[in-house]
Amino acid sequence: MAKYVGAAAMYFISKRLKSRHHLQDDVREDLYEAANKWVAAVGKDRPFMGGQKPNLADLAVYGVLRVMEGLEAFDDLMRHTRIQPWYLRVEKAIAAEALQ
C-alpha cells in the first residue's frame, strides 16, 4: 500500500514543484539549459570554474552529474549539451589527485 500511496504522492508533488519553479513540461530541457549555462559560466579561458584546478563549485556540479551516470538522462545530457568536455576534465583531475 505504501508503494502505491507514495507513488501517487510523488506524482502530485512533482506537478506542484514544476509549477512553483516554472519548469517546462519536458524537464530535461531545463536540465540542458542549466548545463549549458554552467559551461558558459566556466568560460573558454579556464578549464574549471576554479581556474586551473576544480574548486568546490566544480565538485558540487560534478557530484550531481556523477549520481546520474548510467541513467538515460545522463546520456541525453552529454549528447545534447556542451558539458561533456568539462565533466571529463573534472573526472580526470579527481583521478589524478587521488593518485597523489
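## Core and salt bridges

L77 touches L31, Y32, A35, L65 and I83, where residues up to four places away in sequence are not counted and contact means heavy atoms within 4.5 Å. This is a predicted model, in which local features need pLDDT of at least 70 and side-chain atom pairs count only at pLDDT 80 or more, while totals for chains, interfaces and linings use all residues. Residues are numbered from 1 along each chain as its sequence is written, and side-chain values use heavy atoms, with hydrogens and water left out. The protein averages a pLDDT (the predictor's confidence in each residue, from 0 to 100) of 90, and 99% of the residues score at least 70.

L77 is also one of the residues that touch the most other members of the largest nonpolar core, which has 17 residues; such a core is a set of buried Ala, Val, Leu, Ile, Met, Phe, Trp, Tyr and Cys residues joined through side-chain atoms within 4.5 Å, buried meaning under 20% relative accessible area, exposed over 50% and partly exposed in between (1.4 Å probe, protein chains only). The largest share of this core, five residues, comes from α2, helices being DSSP runs of H or I with at least four residues, numbered from the N terminus.

Six salt bridges are counted, each a side-chain nitrogen of Lys or Arg within 4 Å of a carboxyl oxygen of Asp or Glu; among them are these.

| Pair | N to O distance |
|---|---|
| K37 and E33 | 3.4 Å |
| E69 and R66 | 3.2 Å |
| R66 and E91 | 3.2 Å |

R66 in helix α3 and E91 in helix α5 are 25 residues apart, and their pair links distant parts of the chain.

Key. Helices (H or I, at least four residues) and strands (E, at least two) are DSSP runs, numbered from the N terminus.
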